[in-house]
Amino acid sequence: MKIACLGWGSLIWKTGALPVASQWHHDGPAVPIEFVRIADGGELSTAICLNARPVPVLWAWLNTASLESACRALRIREAIPDSRVDGIGMMTVTETATGPLAAWAQSKGIEGLIWTGLPARMAGIEGQIPTLDDARRYLQQLTGETRTHAFHYIEQVPAQIDTDYRRALADLTRWQPDAPAVTAASAHLHPPCQPG
């Protein structure tokens, strides 16, 4: 079975237990992605956000024979406990599969597709969507190694993950480690995801 994985964040430069068998290709499908998940490491990370503007994500072939083993490897890489059912997405791509994701996968000869399915998270609450102002305030209050890590994360995310939040927060990414964060007038954007 020819299996691939979609990526849009740290998985691209830090694959860990995921058995990636190719380079990360830049011609992936358009997926609604935004910087809306405060991760365990303190970074404001990218996640699928259904009301966000779709951006072209990346993809890579995996060296694994089954979707089950591919999902297990991604679960280990993402430190998602087995008890959690919403952390990994997967699709079996058949000749009769329909929809834009299936059509894209069929065009690449992909038979099985996986991706990280962790939701937005703010203040430790799964599914809580940070507004743009929330995201800005969160990044501004970070200090020390957490601050360095968070801004390095944003800088490492491939440029094609060109989200509304990323554009609006661009002034913060031009930070100096020993100086306070530079702030600009807050952009008047609505949060890309609305709960409920």
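View 1. Residues 24 or more positions apart account for 70% of the contacts in the protein with a separation of 6 or more, a contact being a case of heavy atoms within 4.5 Å. The model is predicted, so that local features need pLDDT of at least 70 and side-chain atom pairs count only at pLDDT 80 or more, while totals for chains, interfaces and linings use all residues. Residues are numbered from 1 along each chain as its sequence is written, and side-chain values use heavy atoms, with hydrogens and water left out. Of the 196 residues in the protein, 49% are buried, where buried means under 20% relative accessible area, exposed over 50% and partly exposed in between, with a 1.4 Å probe and protein chains only.

**View 2. The four-stranded open sheet.** Among the 6 helices and 9 strands of the protein (DSSP runs of H or I with at least four residues, and of E with at least two, numbered from the N terminus), 4 strands form an open sheet of mixed pairing in the order S5-S1-S7-S6. Its edge strands, S5 (58-61) and S6 (88-92), each pair on one side only, pairing being assigned if DSSP finds at least two bridges between two strands. Strand S1 (residues 3-7) pairs with S5 in the antiparallel sense over 4 bridges, and glycine 7 has leucine 58 of S5 as its bridge partner.

**View 3. Surroundings of leucine 139.** When neighbours within four places in sequence are left aside, leucine 139 is in contact with Leu44, Arg147, Ala150, Phe151, Ile154, Leu169 and Leu172.

**View 4. Aromatic pairs.** The structure holds 4 aromatic pairs, which are rings of Phe, Tyr and Trp (its six-membered ring) with centres within 6.5 Å, counted as stacked with planes under 30 degrees apart, as edge-to-face over 60 and as tilted for the rest. One of them joins phenylalanine 35 and tyrosine 153 edge-to-face, at 6.4 Å centre to centre and with 85° between the planes. This pair links distant parts of the chain, with phenylalanine 35 in strand S2 (residues 30-38) and tyrosine 153 in helix H4 (residues 144-156), 118 residues apart. Phenylalanine 35 and tyrosine 153 are both buried. The rings of tryptophan 59 and tryptophan 61 have centres 5.2 Å apart and planes at 80°, and the pair is therefore edge-to-face. Tryptophan 59 counts as buried because its relative accessibility is 4%, whereas tryptophan 61, at 22%, counts as partly exposed.
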